[in-house]
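Please look at the sequence and the model below before reading on.

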Amino acid sequence: MNKIFPQGDGNGNAAAGTKALPGGEGVQTCVTLMNRTGFLCHDRRSCVPASRVCDGIRTCAQGEDEDEAMCRDVPQSLPSFLVARCGDPSSWIYSDQKCDGINNCGDCSDELSPVTACPPCGPGWWRCPSIVFKYCDCIPRVLCRDHTQHCSDWSDEYSCPGP
């Protein structure tokens, strides 16, 4: 089960950071502990990461994350807050996969401008022109100084201070 930010105020009110969507029939967004978009379960406590909705596994206690109407024609049937478009408009990812350091779209549009405005590499990452298809402009620092080129400029072997 997912951990989430502390929920409510003790009076049964919804989690901080949640909001009802217009016409969403009670479908609500929430923010996971990893500061990612999530799906708020009916218990109003459990926040399921977007990418775990319609994955065939009932994560919410009542199974609403696998609701047949919502999962019937993915991505069209999903609430819009769960979907992010790639540079190729016919391609999509779950919204919690944007700006996660991984090339989920295949063209890095989920990690780079102009499609996505992601923050700069975090402390566990090294900015460089990556030669590894899995990454875009940042590689995990654990790949630095491992005697294998991951950056086209070799900065991961010569400049990066390592993990």
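What follows describes the chain as a whole, then some backbone details, the salt bridges, the cores and the pocket.

This is a predicted model, in which local features need pLDDT of at least 70 and side-chain atom pairs count only at pLDDT 80 or more, while totals for chains, interfaces and linings use all residues. Residues are numbered from 1 along each chain as its sequence is written, and side-chain values use heavy atoms, with hydrogens and water left out.

**The chain as a whole**

The chain has two helices and eight strands, and from the N terminus on these elements follow the order β-β-β-β-α-β-β-β-β-α. Here helices (H or I, at least four residues) and strands (E, at least two) are DSSP runs, numbered from the N terminus. Of the 163 residues in the chain, 40% are buried, where buried means under 20% relative accessible area, exposed means over 50%, and partly exposed means in between (1.4 Å probe, protein chains only). Among contacts between residues at least 6 apart in sequence, 28% join residues at least 24 apart, a contact being heavy atoms within 4.5 Å.

**Backbone details in the loops**

The peptide bond from Val-74 to Pro-75 is cis, with omega near 5°, and Pro-75 belongs to the loop between α1 (68-71) and β5 (83-85). Is Pro-75 buried or exposed? With a relative accessibility of 10%, Pro-75 counts as buried. Leaving aside residues up to four places away in sequence, Pro-75 touches Val-83, Arg-85 and Trp-92. Pro-75 and Tyr-94 are 19 residues apart in sequence, and their C-alpha atoms are 8.9 Å apart in space.

Ser-77 also lies in the loop between α1 and β5, and with a relative accessible area of 23% Ser-77 is partly exposed. Not counting residues up to four places away in sequence, Ser-77 touches Ala-69, Met-70, Cys-71 and Arg-72.

**Salt bridges**

How many salt bridges does a search of the whole structure find? The search finds two, a salt bridge being a side-chain nitrogen of Lys or Arg within 4 Å of a carboxyl oxygen of Asp or Glu. One joins the side chains of Glu-68 and Arg-72, at 3.3 Å from N to O, and both of these residues are exposed. In the other, Asp-137 pairs with Arg-127, and their closest N and O atoms are 3.8 Å apart. Because Asp-137 lies in the loop between β7 (125-127) and β8, and Arg-127 in strand β7, this pair ties together parts that are ten residues apart in sequence. Asp-137 is partly exposed, at 31% relative accessible area, and Arg-127 is partly exposed as well, at 46%.

**Nonpolar cores**

In soluble globular proteins, nonpolar side chains tend to be buried together. A nonpolar core is a set of buried Ala, Val, Leu, Ile, Met, Phe, Trp, Tyr and Cys residues joined through side-chain atoms within 4.5 Å. The largest such core has 14 residues, and those with the most contacts inside it are Phe-39, Val-48, Val-53, Cys-54, Met-70, Leu-78 and Leu-82. Apart from this core lies another, of eight residues, among them Tyr-135, Ile-139, Leu-143 and Cys-160. Leu-78 touches Val-53, Cys-54, Met-70, Val-83, Trp-92 and Tyr-94, when residues up to four places away in sequence are not counted.

**The largest pocket**The largest pocket is lined by 22 residues, of which Arg-36, Cys-99, Asp-100, Gly-101 and Glu-111 lie nearest its centre. On a 1 Å grid over the protein atoms alone, a pocket is an open set of points where a 1.4 Å probe fits, with protein on both sides within 12 Å along at least five of seven lines, and lining residues have an atom within 4 Å of a point.
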